[in-house]
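Here are some notes to read alongside the model.

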Amino acid sequence: KFFRQKTLGVHFRGTSYKQSPGHPLPATKEQMIKLVKKIVKKDKIDKIFLSSEEKGYLHLFKKEFSEKIMFLENSYRSNKNDAFKIYPRLNHRYKMGREILIETLLLSYCDSFIFLNSNVSSAVISLNYNKNQKRYKIDNGFNSKNIFFAIVLWYIKRFLPEFLGGFKKDIIVEEV
């Protein structure tokens, strides 16, 4: 057990993943909150460890799960896709690498894990420090490979109703 309590690890990608051609489309805030609440109840979760590079997602989780949330306080977060454009601290890129490696290790110890395909989730699963970890893979489909469509597709799908190609209200997860 992670910190002796039943813990859900959430790798909630935002910023660049919303616009990356050919990458899995991340969950919306609404989808993720609904999914986390469902898994907290289903798996009888005590704590939630959040790994996210998006500042707004951290604030959302603090608001929704204030009594359960855990996160690395000093990890770099932004609401813009600027992590590799702006260097707000000494050794910024080194620190970002160190932070995600630590978060990856912590996610691999969690009892349950919500993710979408990424290098981080692949590393968490490969490390496999919790042999009984329940894993929930998010499936919102893939972004366009066309750079011009990829930049806007996630934002369009977020607002469209499901019958017009928008995201489903209940996110599709595959327990793996």
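**Notes on the predicted chain**

1. Contacts first, where a contact means heavy atoms within 4.5 Å. Residues 24 or more positions apart account for 64% of the chain's contacts with a separation of 6 or more.

2. A word on conventions: this is a predicted model, in which local features need pLDDT of at least 70 and side-chain atom pairs count only at pLDDT 80 or more, while totals for chains, interfaces and linings use all residues. Residues are numbered from 1 along each chain as its sequence is written, and side-chain values use heavy atoms, leaving out hydrogens and water.

3. On confidence, pLDDT is the predictor's confidence in each residue, from 0 to 100. Its mean over the chain is 91, with 94% of residues at 70 or more. Strand E1 (residues 7-11) has the highest mean, 98, and strand E6 (residues 172-175) the lowest, 71, so please read E6 with that value in mind.

4. The chain has 5 helices and 6 strands, taken as DSSP runs numbered from the N terminus (helices H or I, at least four residues; strands E, at least two). Along the sequence they follow the pattern β-α-β-α-β-α-β-α-β-α-β.

5. What about overall size? The radius of gyration, taken over C-alpha atoms, is compared with a globule rule of 2.2 Å times the number of residues to the power 0.38. The chain's 16 Å agrees with the value near 16 Å for a compact globule of 176 residues. Its C-alpha atoms fill a box of roughly 45 × 45 × 30 Å along the principal axes.

6. Buried means under 20% relative accessible area, exposed over 50%, and partly exposed in between (1.4 Å probe, protein chains only). By that cut-off, 46% of the 176 residues are buried.

7. Gly9 lies in strand E1 and counts as buried because its relative accessibility is 0%. Beyond its neighbours within four places in sequence, Gly9 touches Phe49, Leu107, Cys110, Ser112, Phe113 and Ile114. Leu116 is 107 residues from Gly9 in sequence, yet their C-alpha atoms are 12 Å apart.

8. Do look at helix H5 (residues 147-159), which has a kink of about 40° centred on Leu153; the bend at a residue is the angle between axes fitted to the seven residues ending there and the seven starting there. Ala150, Trp154 and Lys157 are buried in H5, and the helix's buried residues pack against helix H2 (55-64). At the start of H5, a side-chain oxygen of Asn146 comes within 2.8 Å of the backbone nitrogen of Phe148.

Notes. A polar contact is a pair of N or O atoms within 3.5 Å; within protein, one must be able to donate a hydrogen and the other to accept it, and residues adjacent in sequence count only if both atoms are side-chain atoms.
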